[in-house]
2 protein chains.
Amino acid sequence: MEGSEPYGVRPIGVVRSSLSAPAEAPNQAFEGAPEAVLEIAPTFSDALHRIRVGDELILLTWLHLADRNVLQTHPTGDTKLPLTGVFRTRSPDRPNPIGVHRVTVTALESPTSVRVGALEAVDGTPIVDLKIAMREAPEA
Amino acid sequence: MEGSEPYGVRPIGVVRSSLSAPAEAPNQAFEGAPEAVLEIAPTFSDALHRIRVGDELILLTWLHLADRNVLQTHPTGDTKLPLTGVFRTRSPDRPNPIGVHRVTVTALESPTSVRVGALEAVDGTPIVDLKIAMREAPEA
């Protein structure tokens, strides 16, 4: 595994949000995050086909401000909590800083602009994937 | 966004499973997937600190057999279902083929071997990240 070539992940879009600094962003969407717009690159518009208002999506982002060398952290930044491996936290700092967010589609503003509910990612965060969130026969 | 450099994702480990071919693998873990072992590279053992039996983790994989040029598909391969953008499906074929799986830790077999319950990924699938799954104050 070690020494193998990295895989190349290309952004498919970008988050537009009123959150501009990580210090403003809640740790989790349910902690009061604002709505946001997913601006998808026109190249990928066909991949949005049939997305509709009310869909629950899994959004994958590239946490571009993260420190990729961190292996342990105090969860939620609380130094009273014991040091924990980053693979047992939601810290953005980790070897491959991919964010996983669950979002609800609230409006389709253009063929490639998808408005979503509460999202804790800051403005300018690159988007790398979208998937339907439901797990039981969801995709029809 | 277009023309930007790709981000480099390095595998942190590999899935060991009795599933050897995608045709054998269920689409979703709840459809009868077997247990599996997450073999993490020793370099990253510190990042597993405090993971314990019973933890629910989000596992991110690199779907190395996927076709990255596919933008639309018939969900679950059923041609009676309408063509749908891959961003509204769980198809492995997509521009950045990152798999998202929810797994439960069932045993710690070595400092870097984590046995998990039902997982639909085939043997040899590269692992790119692990996170705790719980969303409410989970990380203590």
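**View 1. Aromatic pairing in the predicted model.** Over all chains, the structure holds two aromatic pairs, and the coordinates shown here and in the views below belong to a predicted model. One of the pairs is formed by A:Tyr7 and B:Trp62, whose rings are stacked, with 4.8 Å centre to centre and 5° between the planes. This pair crosses between chains, since A:Tyr7 lies in strand β1 of chain A, while B:Trp62 belongs to strand β4 (residues 56-62) of chain B.

**View 2. The β1 strands of the two chains.** Strand β1(A) is joined by three bridges to strand β1 (residues 7-9) of chain B, and the two strands run antiparallel. Within this pairing, A:Gly8 stands opposite B:Gly8 of β1(B).

**View 3. A salt bridge and the polar contacts between the chains.** A:Asp129 forms a salt bridge with B:Arg94, in which the closest N and O atoms are 2.7 Å apart. The count of salt bridges between chain A and chain B is four, and 32 residue pairs, both members at pLDDT 80 or more, are in polar contact across the interface.

**View 4. The side of chain A that touches chain B.** Among the elements giving two or more residues to this side of chain A are β2 (13-17), β4 (56-62), β7 (98-110) and β9 (126-132). The most is given by β9(A), with six residues. By residue class, this side of chain A divides into 37 nonpolar, 13 polar and 18 charged residues.

**View 5. The interface as a whole.** Chain A brings 68 residues to the contact, and chain B brings 68 residues. Between them, chain A and chain B bury about 6500 Å², of which 57% is on carbon and sulfur atoms.

Conventions. Residues numbered from 1 in each chain as written. Chains lettered and ligands numbered in written order. Predicted model: local features only at pLDDT ≥ 70, side-chain atom pairs only at ≥ 80, totals over all residues. Heavy atoms only, no water. Contact = heavy atoms within 4.5 Å. Buried area = accessible area lost by both parts, 1.4 Å probe. Salt bridge = Lys/Arg side-chain N within 4 Å of Asp/Glu carboxyl O. Polar contact = N/O pair within 3.5 Å; in protein donor to acceptor, adjacent residues only side chain to side chain. Helix = DSSP H or I, 4+ residues; strand = E, 2+ residues; numbered from the N terminus. Nonpolar A, V, L, I, M, F, W, Y, C, P; charged D, E, K, R; others polar. Pairing = 2+ DSSP bridges. Phe/Tyr/Trp six-rings, centres within 6.5 Å; stacked < 30°, edge-to-face > 60°.
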